[in-house]
Amino acid sequence: MRIVVSTTGPIITFSSSIPLSNHPRHQSNNPKSKSKFFKNHQHPLQFERNFQPSGRSNRRKGLLLTMTESMSEGIHAMTPSPSGRKWVEKGGLQPIPRLDDYLGPMHRVHNPMIDNKFFRPSEGFFVTDYDVATQFVAVDTRHVGTPSYFLRAGPRESVVFNTDEVKAAIVTCGGLCPGINTVVRELVMGLWDLYGVKSIHGIRAGYRGFYSGDPMPLDRLVVDDWHKRGGSILGSSRGGFDLKKIVDGIVAAGYNQLYVVGGDGTMRGAVAIADEIVRRGLKITVAGVPKTVDNDIGIIDRSFGLDTAVEKAQAAIDAGHVEAISTPNGVGVVKLMGRNAGHIALRATLSSRDVDCCLIPEVPFYTEGRGGLFEFVESKIEENGHCVIVVAEGAGQELIPRTADQGYDESGNLQLLDIGKWLVSELKDWWKKKNPNKLFAVKYIDPTYMVRAVPSNAADTLFCSLLAQSAVHGAMAGYTAFVAGTVNGVYCYLPLDQIAKSTHKVDVNNHIWAWVRSINSQPDFRKYNGDDSNGNFVNVESGFASKKPADLSA
Ligand SMILES: Nc1ncnc2c1ncn2[C@@H]1O[C@H](COP(=O)(O)OP(=O)(O)O)[C@@H](O)[C@H]1O
Ligand SMILES: O=P(O)(O)OC[C@H]1O[C@](O)(COP(=O)(O)O)[C@@H](O)[C@@H]1O
Ligand SMILES: [Mg+2]
């Protein structure tokens, strides 16, 4: 039997020896799970797929390119949220490409979980394209644009891969992050246990592994204890992205499901791979699981591994604090990861409460003069006898003299100068000049790699498991060029290309950053030169004028 089901967009063809609604394990009363429900049904969110898989020319054009063009035409909603995230994007349902979109109607079979004795899917078990999550659950009603919705992740009633047909490849790229091995383990477990897939291959040492070296065969025994191990057992690397060689390698090996675990650079690479797969008209899905210990990828709530890194940073801050309080006029400086975003430093500061000053890339600071760092350190020493500073590695880069050998890593990321060492040296010079006869000690703790080269903690392990399972369900259902992530705690499928171009910095205008400052009473590092003609404090650098406290009610 063949049923052609048309939503407002893609044509979905079910083809099975047993009609879906008659399958013995599928006697659901849920109207959503009855195929006829979809027939000519207008999605309430106007699911716009601008790409109909009707013509060869469309097929060749490249799905991601087409969708990106359409999205940029439609940008009209600036949606600020109380959390401060602003994401300019076309509102409405954010479509996830499907293999059907460029290969034409696909043979779909029942999800094998229907026959899995551990699951016995019942009403509401399968997720449909009508199940969505909204990007913001809290909004400023004066500025609400068109809300964005994301497809909920989870098992679909039908899949486009027969179990025996799947040949999956898993690759991990970029810097380490707690939980990489857990994600790989759970991808294997998900494929193996949920779908019965037995052909799973670990690509060694990042993207270059697709065209050099042998893959590692993976099964549930091999990966059994991987969640207890830090790093990437498959290996990870920067650079080595050669699109043609990679896709040729994928084709030669016969992989038809790619699971890509990596950060922003990796996701940009995955977009290029997915586009090339579409251009070549291949039945290969590309699913991403975003990884960034810096938490600098946008739209999603957070990356796996962040909580673990913050937890791990506590030991370093504790040590910095103990060192600082154990010596007269002691200062502890702790450097944490955070290339462009200070999320780890911010969270570690809020969790510790021993930190006096948190320096992040989003807030330029200065050392000398009124309102500067040294004045603050001095006041803390006077007040408490010590001071603890947490500095994100990307903070204050503009203050450090450039060196000729500062370059880029293999992936093209600018190599940072060592703000920690620079700060320690500047503090020592300043104190010596100011208080030549007083004792002073600065203890520098650099645990940067220690916070990421550890296994995921319990919460992150659970998070990794659900992200990995979400990715597996999506790939089996024939979605492609997507990532699995949470939005407001809901597991969703998000368009890969949007994730690849998204960024997530600490919003220093919202109350959380103000909270950090108030706990620490640390300066805002705005340079003031007194009052303007209206009686406001003025930042000499930006011209920003803030009202005097007494005037706030005006
Ligand atoms: N714009 C890009 N296009 C294609 N591949 C990229 C791009 N940027 C980075 N990559 C590749 O992605 C991989 C990881 O990137 P990198 O920036 O090192 O780490 P991360 O993904 O963690 O940000 C590397 O193999 C790199 O060559
Ligand atoms: O691992 P490397 O090459 O030393 O790079 C260190 C950088 O990696 C990071 O952990 C970020 O890595 P990603 O870009 O891979 O997410 C930064 O915090 C740090 O600056
Ligand atoms: Mg990166």
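Student: In which helix is the place of Asp 264?

Tutor: Asp 264 is in helix 7, residues 264-280. Helices here are DSSP runs of H or I with at least four residues, numbered from the N terminus. This is a predicted model, in which local features need pLDDT of at least 70 and side-chain atom pairs count only at pLDDT 80 or more, while totals for chains, interfaces and linings use all residues. Residues are numbered from 1 along each chain as its sequence is written, chains are lettered from A and ligands numbered from 1 in the order in which they are written, and side-chain values use heavy atoms, with hydrogens and water left out.

Student: Why does Asp 264 count as partly exposed?

Tutor: Its relative accessibility is 29%. Buried means under 20% relative accessible area and exposed over 50%, with partly exposed in between (1.4 Å probe, protein chains only). Asp 264 therefore counts as partly exposed. Gly 265, also found in helix 7, is partly exposed because its value is 38%.

Student: What is Asp 264 in contact with, leaving aside its neighbours within four places in sequence?

Tutor: Asp 264 is in contact with Ile 297 and Ala 500; contact means heavy atoms within 4.5 Å.

Student: Which residues does the annotation "binding site" cover?

Tutor: The UniProt annotation, from an unreviewed entry, covers Gly 175, Arg 238, Gly 239, Gly 263, Asp 264, Gly 265 and Thr 266. Their largest C-alpha distance is 13.0 Å, although they are spread over 92 residues of sequence. Such positions are given in the numbering used here, feature names are shortened, and annotations may be inferred rather than shown by experiment.

Student: What makes the approach of Thr 266 to ligand 1 a polar contact?

Tutor: A polar side-chain atom of Thr 266 lies 2.4 Å from an oxygen atom of ligand 1. Taken alone, ligand 1 exposes 550 Å², and the protein buries 83% of that; accessible areas come from the Shrake-Rupley method with a 1.4 Å probe.

Student: Which ligand atom does Arg 238 approach at 2.8 Å?

Tutor: A polar side-chain atom of Arg 238 lies 2.8 Å from an oxygen atom of ligand 2. For ligand 1, a polar side-chain atom of Arg 238 also lies 2.8 Å from an oxygen atom.

Student: How far is Tyr 449 from ligand 2?

Tutor: A polar side-chain atom of Tyr 449 lies 2.5 Å from an oxygen atom of ligand 2.

Terms used. Helix = DSSP H or I, 4+ residues; strand = E, 2+ residues; numbered from the N terminus. Polar contact = N/O pair within 3.5 Å; in protein donor to acceptor, adjacent residues only side chain to side chain.
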